[in-house]
Amino acid sequence: MPEKSMKLIDLKEGQRGIIVSVLGGRSVTQRLTDMGLTPGTEFKMIRKGRLCPVEISVRGSKLALGYGVAAKILVKVKE
Amino acid sequence: MKITIALAGNANVGKSVIFNRLTGLHQHIGNWPGKTVEKAEGTLHHEGYTIDVIDLPGIYSLSTFSIEELISREYIAEENPDVVINVIDATNIERNLYFTLQLLELGRPMIIALNQMDLAEKKGMCINIKKLQKILGVPVVPVIATQGKGIHDLVHESINLVEKKYKKPKIEYGKEVEEEIQKLTKSLSKIELDYPKRFLAIKLLEGDEEIKKLIKRVETKIIKIAEKHAKNLECIHGHHRFTVIASERYKISNEIVKNCVSLKPCEVRFSDKLHEITTHGVWGYLIMILSVLSLFYIIFKFGNFFSDILVKSFMSLQPIFEQYFGTGITSNLAWGIVEGLIAGITIVLPYILPFYVILGLLEDSGYLSRIAFLMDRFMHKIGLHGKAFIPLMLGYGCNVPACLGCRIMETQRERLIAVFVTTLIPCAAVTTVILGLIGKYVSLTWALSLYVIDLIIVFILGRIAFKVFPGEPTELIMEMHDYRMPDLKTVAKQAWFRIKDFIYIAFPLIIACSFLIKVLDVTNLSESIENLMRPITVDWLGLPVFSGIALIAGIPRKELTLITLATHGGTTNFAAILTPVQMIVFSLVMMLYIPCIATIAALVKEIGWKKAIFITVFEIVFAIFVGGIAFRLLTL
C-alpha cells in the first residue's frame, strides 16, 4: 500500500523524509534533480524558520530551498 | 609543446585556488565572446611545455539550465582541450561525482583533482583513492590547494595524459537505461558532430533542447526515435525523462561513494556549530545585523581617517603644481585632471579596497551564503531571492562591481531587477558626502535616517519593478558549503578584480568629467547652467542657486558634489551657506538622482543602452520628485 505523501515544507525540524516527486515545470525539476533531489533520495529537515527558507541535509551536504520550491516537493516521512 | 587544460567543477570546490596556484600572476580575465560570463585564462611553463589553463565557470550539471553550463560544454566539445581537470570537493563527493559522470561522457582526457583533502579528513572521511581511480578509469590526484599540495602532481599527470594514449573509461547506467542509450547511440552512428555519440544519445534521452536543435539540422528522423526511447523510459520509471537519467547518475555516484568512502564518527566540529548559530531564526539575524553594522562602522571610521590624510597630502601638491605650471587657464584645466585622479584614489584606497577585502573574506569563508539564506524571504518581496543580497552589499562599496556582480542571478529578468535596485544603493562616495554634510552639520541620526529612507525606497521601487517586469521569480536553491578558513590569495585576487572594474570603467570617465567641469568653470558657463537649473534647484527643491553645478558635478563622481559645493559656495563651512533642511534635501537628491557615469557605463555593458538610459532618466526624475516632497514636508 503506498504511503501518503506530503509537501516537504510540512515536515518538522529534525524529521527525515524521502523524496517522492517534484511538482512544477521542467526548469525547477531539472535544478532540483541536478542538486541531487531525485525520487527515493533520503534527506533530513534541518531548519525551517519563520523568516528564513528551508534547510535540508541531503547527500552529505546542506541545501537551502526557498519556501516556494519547498512546497513543490512531495515527500513521505521516513519512520 | 603547447597543451590546453580546462578546469571544471562545482561552485565552491576551490577551483579558483587551484587556478591561481597553477598560473600565478600570468592570468587574463575577460568575458566569453558575446556573453556576460567571466572567462579566466592563464599560462604556465613546465618542462618545456607551455600550458594554457582555462577556468570554466562553477556549475553543477551540463544541462542547459544556465548559460554557464552551456558555455562549459560547448567549450569542451568544440575547443577540444587536451586535458580536463575536474576539481572535486572531497568533503562532498556524491554531489560532485554527478557532474564528473557528465564530464566523462564528453570524452576528453580527464584527471580528477580531489581537493580539500584536509577538510575531508577532519570530517572523519577516509577515501580509498586507488579504488576511486579504478572505478572511474581516470587518474585521481589528492589535492590541498590552499597549501599548494598536489598541484605539481596535477601538472605532471596532465603531461602524462597527453603523452600516453587516452583510454576512454566507460561507466554504465542501470540496465534499462543503458539499453536505451546503446540503441540510440547506434542510430546516431552516421551523425558527425563535435560531441561524442554516447553524450548525444544521453542528452537526447534527457530531452535537451540545444542538442535536439543541433541534430535537427542534420537529421530529423532521430529526434522521433529518441522520443520513442525516452517515452519508454518514462513509462517504466514513472518520472520525467530528465529525472530518470539524473536518478541513474546519482545512483552510480552513491554506489561509488559507498565503495570508496568510509566514515569515522567524529565529534561535532566548530564549523558545524558556527553554521547552526549563524542560520538560527533569532541568533542568526542578530549576528547578521551586528556583523554588517560593524563592517560599515570599521570601514567608514578607518576610511575617513585615511582619506583625510590622503586628501591633505594631495592638496599640498597644488602649490607645487602651480609653481611649475603657473596659474593660467591651461594650468587650471590640467589641475582639473589631477583633481579627478585624486578624487578617484581617495575613494578607492581608503573605502572600496578595505570594504572589498573584508567582504571577500566573508564570502570565501562561507558567511555571505548564510546571509543570503537569512535574507531570502525578504528579497522575495522584491522578486529576487537571497543571493541578490550579495551584489546589494557590494553596492555599498561601489555600484560598478555591484552591477557586474548581479551576474550571479539566474535569469535575465532577475539580473535586471537586481541591477536596478543596486544603482539605488549609496556607494562609498555617497556615504562620504552624507557623513561630511549631514553627519557633521546636522546630526548623525539624520545621516542614519537617510540610509533607512534609502532602504525603504529600494524596497518600494524593487517591489514595483517586480510587478512591472512579468515572470515568476526563480526560487532559491543553494548549496551551503561548510565554513572554512578563507584563502587570502583568492580573496586578494577577487578584491583586485572588483576594483579593476572600477579603475577601468570609472577612472577615465571621472578624469574626463572633472576636466569638463573645470572647463565650465573657466569659461564661466557654469553660472548660466546654474541659472538654467533655477526652476528645479531653487523653486522646486528650495536649494541655493550654486547647488545646480554641484549636482552636475555628481554625475562623474558623487563625492565631487561636496567639493563643488564648497568652491561655488565660497566656503567649506557648509553651515554658513546651507540650512539643515537644504542639506538633507540636497543629500537625498544626490543619493538617488543618477547612477554616476561609471555605473551608467556598467549598466550599458550589462543590460544594454536602452534600459540603461531608461533607468538613468527614471532615477533623475524620481530623485527630484522625492527631493521636492521632502523639502515641503520638512518646512511645514
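Before we start: two strands count as paired if DSSP finds at least two bridges between them. Keep in mind that this is a predicted model. With that rule in hand, strand S5 (residues 83-89) of chain B and strand S6 (residues 110-115) of chain B are a pair: they run parallel and are joined by six bridges.

**The sheet in chain B**
- S5(B) and S6(B) belong to an open sheet of seven strands, which goes S2-S3-S4-S1-S5-S6-S8 (chain B) with mixed pairing.
- Strand S2 (27-31) and strand S8 (140-142) of chain B sit at the edges with a single partner strand each, so one side of each has no neighbour in the sheet.
- From one strand to the next, the twist averages 25°.

**Where the chains meet**
- Chain A puts 32 residues into the contact, and chain B puts in 30 residues.
- On the chain A side, the elements giving two or more residues are helix H1 (26-34), strand S5 (61-65) and helix H2 (67-70).
- H1(A) gives the most, with nine residues.
- That side of chain A splits into 12 nonpolar, 12 polar and eight charged residues.

**A strand pair across the chains**
- S5(A) pairs with strand S10 (residues 477-480) of chain B in the antiparallel sense, over four bridges.
- Opposite Ala64(A) you'll find Met478(B), in S10(B).

Terms used
Residues numbered from 1 in each chain as written. Chains lettered and ligands numbered in written order. Predicted model: local features only at pLDDT ≥ 70, side-chain atom pairs only at ≥ 80, totals over all residues. Contact = placed C-beta atoms within 7 Å. Nonpolar A, V, L, I, M, F, W, Y, C, P; charged D, E, K, R; others polar. Axes fitted to C-alpha atoms, helices over the stretch in contact; angles between N-to-C directions.
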